[in-house]
Amino acid sequence: MTPGPTSWSDGFGCSSPQDQVFAAYGTNLDERRHPFAAQGKIYRADAGNGLGIAFETDGVTVIGMSVGQMDVIRFVNQCR
């Protein structure tokens with residue numbers, strides 16, 4: 001697998017403050033505890049067509065991003 005870009009055209013991505021995710025997606029986010037980062041969270045935004053984007057944070061900054069079907073990206077780093 002080839003790594004994708006580390007930022008989006010709107011200027012935020014990996015290493016960006018998680019506050020930028022809140023500003024961009026607001027109330028369209030759901031939140032879950034990150035299974036590997038003690039203070040981290042995973043935020044998902046639904047695009048409304050079955051697709052979405054997930055942002056992994058360490059509690060302060062974005063440490064990973066995933067895009068795809070919402071029912072798949074809900075398992076980002078936590079297959080169960």
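In this predicted model, Gln18 counts as buried, because its relative accessibility is 11%, below the 20% limit for that class. The residue belongs to helix 1, which covers residues 18–25. A partner for its side chain is found in Thr57, and the two side chains are joined by a polar contact of 2.8 Å. Beyond the neighbours within four places in sequence, the contacts of Gln18 are with Tyr43, Thr57, Gly59, Val60, Thr61 and Val62.

Strand 3 (residues 51–57) and strand 4 (residues 62–69) run antiparallel and are joined by seven bridges. Thr57, the polar partner of Gln18, has Val62 of strand 4 as its bridge partner. Four residues lie between the two strands of this hairpin, and Gly59 there adopts a positive phi near 105°. Gly59 is also one of the residues in contact with Gln18.

What of the next residue in helix 1? Asp19 also has its place in this helix, but with a relative accessibility of 52% it counts as exposed, since the exposed class begins over 50%.

With a relative accessible area of 61%, Ser15 is exposed.

The protein contains two helices and four strands, arranged from the N terminus in the order α-β-β-β-β-α. Of its 80 residues, 34% are buried. The exposed surface comes to about 5000 Å², of which carbon and sulfur atoms supply 52%. Among contacts between residues at least 6 apart in sequence, 35% join residues at least 24 apart.

The largest nonpolar core has nine residues: Phe12, Val21, Leu29, Tyr43, Ala45, Ile53, Phe55, Val62 and Met65. Two or more residues of this core come from each of strand 2 (41–46), strand 3 and strand 4. Val62 and Tyr43, both members of the core, are also among the residues that Gln18 contacts.

A search of the whole structure finds two aromatic pairs. In one of them, the rings of Phe22 and Tyr43 have centres 5.0 Å apart and planes at 85°, so the arrangement is edge-to-face. Because Phe22 lies in helix 1 and Tyr43 in strand 2, this pair ties together parts that are 21 residues apart in sequence. Phe22 counts as partly exposed at 32% relative accessibility, whereas Tyr43 counts as buried at 6%. The other pair is formed by Tyr25 and Phe55; these rings are tilted, with 5.5 Å from centre to centre and 45° between the planes. Here too the pair ties together separated parts of the chain, 30 residues apart in sequence, because Tyr25 lies in helix 1 and Phe55 in strand 3. Tyr25 counts as partly exposed at 25% relative accessibility, while Phe55 counts as buried at 0%. Both Tyr43 and Phe55 are members of the nonpolar core described above.

Strand 1 brings the account to Glu31. This residue lies in strand 1, which spans residues 29–33, and counts as exposed at 52% relative accessibility. Which residues does Glu31 contact, leaving aside its neighbours within four places in sequence? The contacts are with Lys41, Ile42 and Tyr43. With Lys41 there is also a polar contact between the two side chains, at 3.4 Å. Glu31 and Ala54 are 23 residues apart along the chain, and their C-alpha atoms are separated by 9.7 Å.

Note on methods. Residues are numbered from 1 along each chain as its sequence is written. This is a predicted model: local features need pLDDT of at least 70, side-chain atom pairs count only at pLDDT 80 or more; totals for chains, interfaces and linings use all residues. Side-chain values use heavy atoms; hydrogens and water are left out. Buried means under 20% relative accessible area, exposed over 50%, partly exposed in between (1.4 Å probe, protein chains only). A polar contact is a pair of N or O atoms within 3.5 Å; within protein, one must be able to donate a hydrogen and the other to accept it, and residues adjacent in sequence count only if both atoms are side-chain atoms. Contact means heavy atoms within 4.5 Å. Two strands pair if DSSP finds at least two bridges between them. A nonpolar core is a set of buried Ala, Val, Leu, Ile, Met, Phe, Trp, Tyr and Cys residues joined through side-chain atoms within 4.5 Å. Accessible areas come from the Shrake-Rupley method with a 1.4 Å probe; for residues, only the protein chains shown count as cover. Rings of Phe, Tyr and Trp (its six-membered ring) pair if their centres lie within 6.5 Å; planes under 30 degrees apart count as stacked, over 60 as edge-to-face and the rest as tilted.
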